[in-house]
Every structure is written in C-alpha cells, then in structure tokens.
Amino acid sequence: PAVRITGNVVVIRGFVINGDDRAAISADRGMGITAGSSIEISRNTLYAEREASKLDIDGYSSVNVNYNLFYNPAAAVATRGVFGNVISISDAHNVVIDRNAILGRISNSGNNETAIALSGIEGPSVGVPGTISITRNIITGNYAGTGSQPGFANGITFVTGTSGADIIFDD
C-alpha cells in the first residue's frame, strides 16, 4: 500500500494518497479486534489503479471514514473515477462512514465491484451488537459489464456471519 498502518490510535487527515497499483491505505491490527483501538480517515483524496480495496481497514474497535473523496482528478476523463472495491472494513465494533464521495469510473468492466464492504462488525461482548452508521454518502459510476446496471455492481455489502450489528441508514 501507499500507506501501511499498524498503530493503535490513528488519524489520517488532509492528504492526497495515490496507491498506484496497491491500496491507498491499508490498516491491519492483526487477528480479531484490538480493544481500545481507533482509526479516523477524514478529509483525504484517495485512489489507486487496482481492483482490490483503496481503503482496507481490519481489526480496529472504532472506525470513522468521513469527508473523503475517492476519485483521481489528474487522470484522463474516462479513468478519473475509482474502480474495483473502494472501502473495505472488517472486524470492528463501531463503524461510521459519513459524507464521502465515491465516484466511479465512466465505466467499470468487472461485475463484482463494491463501493463499501463491511464484514465481522460485532459488539464488544456477547449479546451486545456492534454499530454501523452509513450516512450522507455519494456513490456513483457506470457498470458496463453484461447485465448492465448503473453504478458499481454493489453499492454496499454486509457480511455478518455469526456477528450482529445495529445498522443505521440515513439519507
């Protein structure tokens, strides 16, 4: 990745990060969720020329992804938007994704791109749910594969397995 994070309490704010052929940001605490850990990614422009996630976060108790632009303003018009998977968050207690702009390419060629993918969001103890709040985001792009659907193949995906989370959607 362009930026690899292993710290326990992290704030990345106000950067333009180009991952080129890697992730823009990869933050991994290791196995499971680290109690008391937090990460905030806010007010950045993030992009990468790869199919896998541009922002990949794993194992932080509290995750905030706010006010980011996922877009490449320097690229040719047809390739300015991001493609492939964009935000991937796994193994967390509380997730807030607020006021981001995820602008896809004029056309994406694959059929499994996901703008926001969440998995393993669970509470800090048995019977206590984790929380997910996804509010006021813009997700746009054109899907140009067979079956032709607008936007990313998947806007938001949740994989919960045996975990539980309270999910809050707000427009």
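In the protein, residues 24 or more positions apart account for 75% of the contacts with a separation of 6 or more. What you have open is a predicted model, and a cartoon view of the protein will show 17 strands and zero helices. If you switch to a surface view, the protein exposes about 8,000 Å², of which carbon and sulfur atoms supply 51%, while buried residues make up 44% of the 171 residues.

Next, select residues 94-98, which form strand S11, and go to Asp98 within that strand. Is Asp98 buried or exposed? With a relative accessibility of 9%, Asp98 counts as buried, because the cut-off for that class is under 20%. Now show the side chain of Arg136 as well, and you will find a polar contact of 3.2 Å between it and the side chain of Asp98.

Then move to Tyr60, where the charged end of Arg29 sits over the ring, 5.9 Å from its centre.

As a last stop, consider the aromatic rings with one another: how many aromatic pairs are there? The count comes to zero, given that ring centres would have to lie within 6.5 Å to pair.

Definitions and conventions:
Residues numbered from 1 in each chain as written. Predicted model: local features only at pLDDT ≥ 70, side-chain atom pairs only at ≥ 80, totals over all residues. Heavy atoms only, no water. Phe/Tyr/Trp six-rings, centres within 6.5 Å; stacked < 30°, edge-to-face > 60°. Lys NZ or Arg CZ within 6 Å of the ring centre and 35° of its normal. Helix = DSSP H or I, 4+ residues; strand = E, 2+ residues; numbered from the N terminus. Buried < 20%, exposed > 50% of the residue type's maximum accessible area, 1.4 Å probe, protein only. Polar contact = N/O pair within 3.5 Å; in protein donor to acceptor, adjacent residues only side chain to side chain. Contact = heavy atoms within 4.5 Å. Areas by Shrake-Rupley, 256 points an atom, 1.4 Å probe, with all protein chains shown as cover.
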